[in-house]
Amino acid sequence: MSMTLQTERLNLRRPNRDDWPVYRDFMMTDRAGFFSSSGDLGPTWKSWAAELGHWEIYGIGMWAVTLHDDDTIIGLVGPWTPPHWPENEIGWMMLSAKAEGKGFATEAARASLRHAFDVLGWDTAVSYVWPDNARSIRLAEKLGAALDPDADGPAPDALVYRHARAAA
């Protein structure tokens with residue numbers, strides 16, 4: 001199974017320990033407010049360890065998103081299937097404010113969805129989004145996902161957006 005994907009502008013690779021400072025710095029900002037570990041170094045470290053550990057345990061995980069000409073991580077996007085998640089998710093977080101609004105998350109998420117359906121053999125995929133995260137809601141809808149009010153999320157308030165296989 002491939003550990004990397006490439007799109008027109010992006011490399012998606014397995015995250016590594018050298019990506020920690022960018023992740024840490026993002027989680028210490030107000031931009032990380034939708035993540036439970038934001039602003040607190042202890043939970044931030046644990047969530048980073050979970051990102052790396054997901055790859056070790058499952059052989060897949062969210063990819064570190066980088067530009068073709070710069071290996072500095074700008075985001076994490078991809079398959080996320082921890083045991084307490086009700087369904088397989090395609091998750092995303094853009095770590096760099098400079099990377100927002102350029103379509104990088106969309107490009108990486110589309111590649112991740114294709115990989116999930118075509119390589120991993122997933123029959124369905126969801127994205128869990130907080131109701132007040134307008135940017136993530138727009139991204140889910142841009143990807144063709146539809147709100148699934150009957151699906152369970154990992155938290156009571158999480159919205160569940162279901163991705164159609166054909167949209168990938």
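Some ground rules. This is a predicted model: local features need pLDDT of at least 70, side-chain atom pairs count only at pLDDT 80 or more, and totals for chains, interfaces and linings use all residues. Residues are numbered from 1 along each chain as its sequence is written, and side-chain values use heavy atoms, with hydrogens and water left out.

Side chains of opposite charge can pair when their charged atoms come close. A salt bridge here is a side-chain nitrogen of Lys or Arg within 4 Å of a carboxyl oxygen of Asp or Glu. How many salt bridges does the structure hold? It holds 8.

Take R24 and D25. Their side chains form a salt bridge, 3.1 Å from N to O. Are they buried or exposed? The cut-offs: buried is under 20% relative accessible area, exposed is over 50%, and partly exposed is in between (1.4 Å probe, protein chains only). D25 has 42% relative accessibility, so it is partly exposed. R24 has 27%, so R24 is partly exposed too.

Next, R162. It forms a salt bridge with E87, with 2.7 Å between the closest N and O atoms. R162 sits in strand β8, residues 159-163, and E87 in the loop between β4 (70-80) and β5 (89-94), so the pair ties together parts 75 residues apart in sequence. Strands are DSSP runs of E, at least two residues, numbered from the N terminus. At 24% relative accessibility, R162 is partly exposed.

R162 also forms a salt bridge with D148, at 2.8 Å between the closest N and O atoms. D148 lies in the loop between β7 (146-147) and β8, so this pair ties together parts 14 residues apart in sequence. D148 is buried, at 18% relative accessible area.

How values were computed. Helix = DSSP H or I, 4+ residues; strand = E, 2+ residues; numbered from the N terminus.
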